[in-house]
Amino acid sequence: QSSSAMAPVGIKVLLVRHAQSMNNIVQAGVQTKIKQGVSPVIAQMEWLSNRQDDPDLSPDGYDQLSYLKMFAKKLPQKTSCHTFRVYTSPMQRACSTAKCVTEGIECKAECMADLVEVGGIYHAFQDAQGKWQKGPGAAMTAAQIKARYDFNVASLSQEGPWDGAKGYETTAQALARAQSVAEWLRTQAIIKTQSLDGNAPDCIVLVSHADFLALLL
């Protein structure tokens, strides 16, 4: 065989954005009102008033999972990968989506805090002066994630909410997370390429969120 045919392929990366969440429904309603002429300020107030800190999937989102599971079952054939490693954002909507992926390819997922959506988990509220503030949100605990999804949560905080009640993050902080994940992927590729079975690619599946995946790309 040619040298190119024998060259190690390292890893393949599959990016999965979670299925429709309850907050996506709120967002869609707000966008519709803006198109109808509602003031962006009023629309923003409606968004902050009705959004959930850590929403799960909507009924339509759960319906979408059946199609994702069918796709996941075909991944070994489509990717030619022998090993699949699934990493997910610990947010509910991502975990529910990742659970479907793991059922399709018959493996377990590991929670990775760096895969959370831009902004993190925060609770929006109006202060005494009526100004909107963003404080720590109601995140699940690592134990709750483990009990509900049976994921590996070893990398998460084991005391209190998994995010340590950090609250809202800046765009700069989110960008730093994306850079960290990108560097981690490069490291995984190097490790796999240098391994004895480097000619058999691993597939790393990242289940995350639209804005964060945009930063990662």
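This is a predicted model: local features need pLDDT of at least 70, side-chain atom pairs count only at pLDDT 80 or more; totals for chains, interfaces and linings use all residues.
Numbering runs from 1 along each chain as its sequence is written, and side-chain values use heavy atoms, without hydrogens and water.

A pocket here is an open set of points on a 1 Å grid over the protein atoms alone, where a 1.4 Å probe fits, with protein on both sides within 12 Å along at least five of seven lines; lining residues have an atom within 4 Å of a point.

I recorded about 540 Å³ of space in the largest pocket, a volume being the space filled by probe spheres set on the points, which are joined across faces, edges and corners. Two or more lining residues come from each of α2 (22-35), α3 (40-50) and α9 (210-216); helices are DSSP runs of H or I with at least four residues, strands runs of E with at least two, numbered from the N terminus. Helix α2 gives the largest share, 6 residues. By class I noted 10 nonpolar, 10 polar and 7 charged residues, where Ala, Val, Leu, Ile, Met, Phe, Trp, Tyr, Cys and Pro count as nonpolar, Asp, Glu, Lys and Arg as charged, and the others, Gly among them, as polar.

I then turned to the second largest pocket, with a volume of about 270 Å³. Its lining has 13 residues, of which V116, D163, K166, E169 and R177 are closest to the centre.

Next I checked helix α8 (residues 171-194). Its 24 residues reach 35 Å from first C-alpha to last, close to the 34 Å expected at 1.5 Å times one less than the number of residues. R177 and K192 are among its buried residues (under 20% relative accessible area, 1.4 Å probe, protein chains only). The buried residues of α8 pack against β1 (11-17), β2 (83-88), β6 (202-208) and α9.

Of its 33 residues, I145, F151, W162 and V205 touch the most other members. Helix α6 (92-105) is one of the elements supplying at least two core residues, and its share, 6 residues, is the largest. A second, separate core of 13 residues includes I11, A178, A182 and F212.

Definitions and conventions
Buried means under 20% relative accessible area, exposed over 50%, partly exposed in between (1.4 Å probe, protein chains only). Contact means heavy atoms within 4.5 Å. A nonpolar core is a set of buried Ala, Val, Leu, Ile, Met, Phe, Trp, Tyr and Cys residues joined through side-chain atoms within 4.5 Å.
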